[in-house]
Amino acid sequence: MSTIRCDIVSAEAEIYHGEATLVVASGEMGELGIAPRHAPLITRLKPGQVRVIDTSGEEHSFYVSGGILEVQPQVVTVLADTAMRARDIDQAAALKAKQAAEQALANRSDAIGVAEAQSRLAEATAQLQALERLRKQLKH
Amino acid sequence: MAGAREIRTKIKSVQNTLKVTRALEMVSASKIRKAQDLMRASRPYAHTMRQVIGHIARASIHYKHPFLVAHEQVKRVGYVVVGTDRGLCGGLNANLQRTLLADIARWQQQGAEVVVVAIGQKALHFFRRLKGIELVGSVTHLGERPEIGKLIGVVKIMLDGYADGRIDRVHLAFNDFINTMSQKPTLDTLLPLPPAIDMQATYDWDYLYEPEASQVLNHVLTRYIEALVYQGVLENLASEHAARMVAMKSASDNATEFIDELTLVYNKARQAAITQEISEIVSGAAAV
């Protein structure tokens, strides 16, 4: 019996890796069943289950909250999202990040320019280096 | 025995400091391993993503995705800056900031404005004090196991800016983890995506797309850039622990050295006191 390799990965971890006889996932345009030697295909996934039937006939099932499914004749790859994704959720996340920055800016006390920051950093590094040299001299 | 008590107190306090630095050193040593594991776990995702992008970009040549198109004039430059949340990690943040400031100054000289999103407390606190730089987003407290979900917001701000033409370039700044002893401040270009990745395909075949190629490409590219930023955050996390371990090790060494020196001074003072006492007794006996 022919098999197809199945990799399920997310950005944070490798979730599943092994040979399969059938992979079932819910694509954006409908349910997909992928058997060995399927034509190359790429689709976005809806939140739902990805089921993998391995060579011993055992079924493994994983929940994905979305992602991308890529099929090549010998390999099926699921790039799973770990976080809940939707346009409005993404928008809310962006807004939250923006507000965090605005809040931080609101209570800043002493603003300085790029040039000044650069010179201060250089000064601090020079001081550190001087200290290091001094220490070495004292040791000998 | 003048001074002996003071020296003893001093030795005690240095010993306490030593305990703290030793503990921090050991904590960091164990955390490096975990951070490295995380880095390794996220690699297959980025790798597969790159392959997929290579395929699609070749397949949908007629459709030029905005992320793959370079803007001719650079008027506003965006930076995604990764910093640590906590201090006591040597010059890690300062080194990155120095590299960044040099780059920012270069763009400003060419008349470009600079927009920044900050990841981590140290980056946020640094940039909120800088004049002439627009801080448009921030996220802090990612913890020991950063989640990609927390980065979506800051990345989206930059991606939207680029797609709308408000930002003409986006860079990612983080500390690249080379090994425990060295971390390299690194500036990568996120947008426009370097042409290398849309030239990779070598096979002569095409996918079936569901839905159409442009939408899938958009989805994949967004995820890819998020994955790049996430990878940067993980590299930076491993760098943070490594830098802290080295900093704490040298602090522990210094403390040990200091204790030795103080003990020597203490013993000398003690002996001097005893000698003085004996000579006082002897001269007292002689006088009788």
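This is a predicted model: local features need pLDDT of at least 70, side-chain atom pairs count only at pLDDT 80 or more; totals for chains, interfaces and linings use all residues.
**Chain B as a whole**

Chain B contains five helices and six strands. Read from the N terminus, its elements follow the order α-β-α-β-α-β-α-β-β-β-α. The radius of gyration of chain B is 28 Å, whereas the globule rule gives 19 Å for 288 residues, so chain B is more spread out than a compact globule. Along the principal axes, the C-alpha atoms of chain B fill a box of roughly 115 × 40 × 25 Å. Of the 288 residues in this chain, 40% count as buried. Contacts in chain B between residues at least 6 apart in sequence can also be sorted by separation: 79% of them join residues at least 24 apart.

**Helix α4 of chain B**

Helix α4 of chain B covers residues 152–163, which makes twelve residues. From its first C-alpha to its last the helix reaches 16 Å, close to the 16 Å expected at 1.5 Å a residue. Is α4(B) mostly covered or mostly open? It is mostly covered, with ten of its twelve residues buried. Among them are B:Ile152, B:Val154, B:Val155, B:Ile157, B:Met158 and B:Leu159. The buried residues of this helix also include B:Lys156 and B:Tyr162, as well as the glycines B:Gly153 and B:Gly161. In an α-helix there are 3.6 residues a turn, so residues three or four places apart point the same way. After α4(B) comes B:Gly165, which has a positive phi, near 80 degrees.

**Where the chains touch**

How many residues does each chain give to the contact? Chain A gives 41 residues and chain B gives 49 residues. On the side of chain A that touches chain B, the elements that give two or more residues are β1, β2, β4, β6, β7, α1 and α2 of chain A. The largest share, ten residues, comes from α1(A). Sorted by class, this side of chain A has 24 nonpolar, seven polar and ten charged residues.

Strands from the two chains also pair. β4(A) and β6(B), the strand at residues 208–210 of chain B, run parallel and are joined by three bridges. In this region A:Ile42 stands opposite B:Tyr209, a residue of β6(B).

**Chain A: domains and strands**

The domain assignment divides chain A into domain 1 (4–80) and domain 2 (87–139). The C-alpha centres of these two domains of chain A lie 44 Å apart.

Strand β7(A) has six residues, and five of them are buried, so this strand is largely enclosed by the rest of the structure. It pairs with both β1(A) and β6(A). The strand pairings described in this report are listed here.

| Strands | Sense | Bridges |
|---|---|---|
| β1(A) and β7(A) | parallel | six |
| β6(A) and β7(A) | antiparallel | six |
| β4(A) and β6(B) | parallel | three |

Two residue pairs show where β7(A) meets its partners. A:Ala80 in β7(A) is the bridge partner of A:Ser10, and A:Val75 in β7(A) is the bridge partner of A:Gln72. How many residues lie between β6(A) and β7(A)? There are two residues between them, and the two strands form a hairpin. In a regular strand the side chains alternate between the two faces of the sheet.

Methods
Residues are numbered from 1 along each chain as its sequence is written. Chains are lettered from A and ligands numbered from 1 in the order in which they are written. Helices (H or I, at least four residues) and strands (E, at least two) are DSSP runs, numbered from the N terminus. The expected span of a helix is 1.5 Å times one less than its number of residues. A residue is buried if 20 or more other C-beta atoms lie within 10 Å of its own, exposed if 12 or fewer, and partly exposed in between; C-beta atoms are placed from the backbone. Two residues are in contact if their C-beta atoms, placed from the backbone, lie within 7 Å. Ala, Val, Leu, Ile, Met, Phe, Trp, Tyr, Cys and Pro count as nonpolar, Asp, Glu, Lys and Arg as charged, and the others, Gly among them, as polar. Two strands pair if DSSP finds at least two bridges between them. Domain bounds come from an automatic or database domain assignment. The radius of gyration is taken over C-alpha atoms; the globule rule is 2.2 Å times the number of residues to the power 0.38.
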